[in-house]
Amino acid sequence: MKHNIMEFFWQTAERYPDRTAIISKKREVTFQELKKEALIINREIRSKLPSVQKTPIAVYLPKCAECIISDLGIIISGNAYMNLDVKTPAMRISSIIDLIKPSAIITDEANYKIISQFVNRDRVIFVDTVDFDQDISMECVHNEHLIDTDPLCIINTSGSTGTPKGVILNHRSFIDFMDWSFETMPFTDYEIIGCLSPVIFDIYSYELCLLIARGATMVLIPEMYAAFPVRILELLNKHHVSFIFWVPTIMVNIANKGLLNEVKLPSLHLVWFAGEVFPTKQCNIWRRALPQAQFVNMYGPIEITLDCTYYIMNEPLSDDQPIPIGRACKNTDILILNEEDQLAKIGEEGELCVRGTSLAMGYYNNPEKTAAAFVQNPLNHSYPEIIYRTGDIACVNEDGNILFRGRKDTLVKHSGYRIELTEIEHIVVNTLALVKNGCIVYDYAKKEIVLFYENPVELTAADFRRKIGTALPKYMVPTVYRYFEELPRNPNGKIDRLYLKENCL
């Protein structure tokens, strides 16, 4: 039994020294090179922090080989990595650093200029000045006291007060998820990952685990390719990518543009998607184009290590059928609790709650928010047992599969009807394709359904009402329409609903 993630890596690096571990725009790195450079980063950390372990160390670098090397070096040192987004405004980075207080920051001279006003130089390790040609040995590794419940990483998520929350995930939860995924899914020892997610995502951390534990190759897809999705597919084809784990937004875009007819992906055999609802119509386009691939809908908030439920798409679904989020992963239990905090019956909606090893350790330096979200299991009055309340509404169907219904904050009562706001979004953006992107917000003060949308041109309210009225009942048709050339986004790239609620109603 492994007790920390690095125990996997030493075996992998010894088994596949000459295999390519990382393919980036600037360089390719073998496992032998990766091991050496990560050990050197570890030594740099040790020289700066000789007695500090199990604390956060931030990485402020773009998505590149050096970022991955830095993350591994931090893990070897016995600390937890926290990747920061170089595209995030400096003020937000400052608030994260003030909250988390990392013991050191790994960056380069160019990016340090952005944060120099609030980060002392003596706390910084400059990766562009490190001598990676120096000799190194395993003697510099001193993590024998690193156990499975120690933090592996901190991932920042949006907070309702405007200050991000740092979610702490430990070694045990990642090992547990890897055990389940390797047992359940058709992974091989020769996977090539099409790494699209930013390094601040939990998806990236799982891809890093695949590299560490199975010797997978990470093909880093340049962020600029998001605007040219055909180039993404060409890159997947060029490097024979076999596994992707993406948020559906880009997949919908690819399906709508018909790009899967232009670029064939014969090597792709496993497709995971998570983070938001994947419209079944566009998912079916992917499935028809890649009949050799297994498609899996994954579900889990950031407070759960990676995901807690899965649905393998073995059976056909019609375009108007929602994709279930499936069943609980191994060693995870899903509780759907009704308003009386009792287990919901089959078909009854309730809040999806999670218990098990997959739970995060809480929010770093934030005991109040931790206590509010990670609570005692209301079904257990005999001993302490923590569950995480997701705020998501779900139900179990007759087949035993869980269906996602929406979020507590997107389920509203309007004109006497219970409405899921994301259903309206789906109709406007995906089914009718009226706008490029959109977000529905409910104005409780005025009792109005408001559509915020981005589009090349502004549309009239009358035009909207007429077209939406062909697909939705009158009580679900928005009454207010607000045009944006580009909707505000949060650091995860999703539409910033909180900003729209607080500033645009």
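Predicted model: local features only at pLDDT ≥ 70, side-chain atom pairs only at ≥ 80, totals over all residues.

Visitor: OK, and how many cavities does a search of the whole structure find?

Guide: The search finds three cavities of 30 Å³ or more, and the second largest cavity has a volume of about 50 Å³.

Visitor: Which helix gives the most to the lining of the second largest cavity?

Guide: That is helix α6, which covers residues 171-184 and gives four residues to the lining. The residues that line this cavity include S173, D176, F177 and W180, and also T305, D307, C329 and K330. By type, the lining of the second largest cavity has three nonpolar, four polar and three charged residues.

Visitor: Switching to rings: how many aromatic pairs are there?

Guide: A search of the whole structure finds 25 aromatic pairs. One of them is Y363 with F374, whose ring centres are 5.7 Å apart and whose planes stand at 70°, so this pair is edge-to-face. Because Y363 lies in strand β18 (residues 362-363) and F374 in strand β19 (residues 374-376), the pair ties together parts that are 11 residues apart in sequence.

Visitor: Are Y363 and F374 buried or exposed?

Guide: Both Y363 and F374 are buried. Another pair is F452 with F484, where the ring centres are 6.0 Å apart and the planes are at 65°, so this pair is edge-to-face as well. The pair links distant parts of the chain, with F452 in strand β25 (residues 448-454) and F484 in strand β26 (residues 480-484), 32 residues apart.

Visitor: And why does F484 count as partly exposed?

Guide: F484 has a relative accessibility of 21%, so F484 counts as partly exposed, given that buried means under 20%. F452, in turn, is buried, with a relative accessible area of 0%.

Visitor: Which rings are linked into a cluster?

Guide: Ring pairs link F177, W180, F182, F187, Y206, F243, F245, W272 and Y310 into a cluster.

Visitor: What lies over the face of F8?

Guide: K2 lies over the face of F8, at 5.3 Å from the ring centre.

Methods: Residues numbered from 1 in each chain as written. Heavy atoms only, no water. 1 Å grid on protein atoms, 1.4 Å probe; cavity = no way out; pocket = protein on both sides within 12 Å on 5 of 7 lines; lining within 4 Å. Points joined across faces, edges and corners; volume = space filled by probe spheres on them. Helix = DSSP H or I, 4+ residues; strand = E, 2+ residues; numbered from the N terminus. Nonpolar A, V, L, I, M, F, W, Y, C, P; charged D, E, K, R; others polar. Phe/Tyr/Trp six-rings, centres within 6.5 Å; stacked < 30°, edge-to-face > 60°. Buried < 20%, exposed > 50% of the residue type's maximum accessible area, 1.4 Å probe, protein only. Lys NZ or Arg CZ within 6 Å of the ring centre and 35° of its normal.
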